Amino acid sequence: MIVSDIELYDGNLIHGRFAYKFFRNKTLPIGNILAFRAPMLVEAEGMIDNEDLINNDFIYSDSAINFVWEIPGLNSFGAVAWQRLFNTQIANILSTQYLNAPIEVDGDDLMVHKEFEQHGIIQAKGKCSVSITYSKDNVAIGHTAINIVAGKRAPAFAYSTHLSEDQQQGFMKDVIDVFYAMNDDMFIATTKLTL
């Protein structure tokens, strides 16, 4: 579902289960995803990543496409494995259909291999994403965002995709479609075992 009433991503949305609030009786057992365009400002209160907290590495973007998901039945290891598979799908879509540039998935980061300038520094490649996931009570909750415009407060390695309005809408729809196709296919695979 694409929503337009979230004006800022501050990290708090994924501090607990949120799908029912948006989907009500359409909440699916295979998981649900929201997509929205909003600036990001995630400071200590909204952080769930200890490494980022220790390094005071807060998240900022002038404009980003945000995807948040909730998937029942995944422990912490499953949540991270699913996140990395999902981010790989996002990288494939972004690389081939929107940026026409190679994208490497490095852990949970999407690294665009295309020269760009940020803060007056020419970079050979840059990180266009932020992503986090965790599992609580056997439910995976996560966030992946893609910078449209990283902005002046973002670090020098932050890559801006500069997707047009039409591209943003198409990209959100494409990623939502792959989310449901991927989760539905995984669920079906769990039902066909004979043992």
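Okay, let's start with asparagine 87, which sits in helix H3, residues 76-99. Helices here are DSSP runs of H or I with at least four residues, strands are E runs of at least two, and both are numbered from the N terminus. Before I go on: this is a predicted model, where local features need pLDDT of at least 70, side-chain atom pairs count only at pLDDT 80 or more, and totals for chains, interfaces and linings use all residues. Residues are numbered from 1 along each chain as its sequence is written, and side-chain values use heavy atoms, with hydrogens and water left out.

So, is asparagine 87 buried or exposed? Asparagine 87 is buried, at a relative accessible area of 0%. Buried means under 20% relative accessible area, exposed means over 50%, and partly exposed is in between, with a 1.4 Å probe and protein chains only.

And what does the side chain of asparagine 87 make a polar contact with? That would be the side chain of threonine 144, at 2.8 Å. A polar contact is a pair of N or O atoms within 3.5 Å; within protein, one must be able to donate a hydrogen and the other to accept it, and residues adjacent in sequence count only if both atoms are side-chain atoms. Leaving aside residues up to four places away in sequence, asparagine 87 touches Val105, Asp108, Leu110, Ser131 and Thr144, contact being heavy atoms within 4.5 Å.

Now the nonpolar cores. By that I mean sets of buried Ala, Val, Leu, Ile, Met, Phe, Trp, Tyr and Cys residues joined through side-chain atoms within 4.5 Å. The largest has 34 residues, and Trp82, Phe86 and Ile90 are among those that touch the most other members. H3 gives the most to this core, with nine residues. Take tryptophan 82: its contacts, again not counting residues up to four places away in sequence, include Trp69, Phe179 and Met186. There's also a second, separate core of 22 residues, Ile6 and Val68 among them.

Zooming out, the protein chain has four helices and nine strands. Its radius of gyration is 16 Å, close to the 16 Å that the globule rule gives for 195 residues, so the chain is as compact as a globular protein of that length. That radius is taken over C-alpha atoms, and the rule is 2.2 Å times the number of residues to the power 0.38. Last one: 48% of the 195 residues count as buried.
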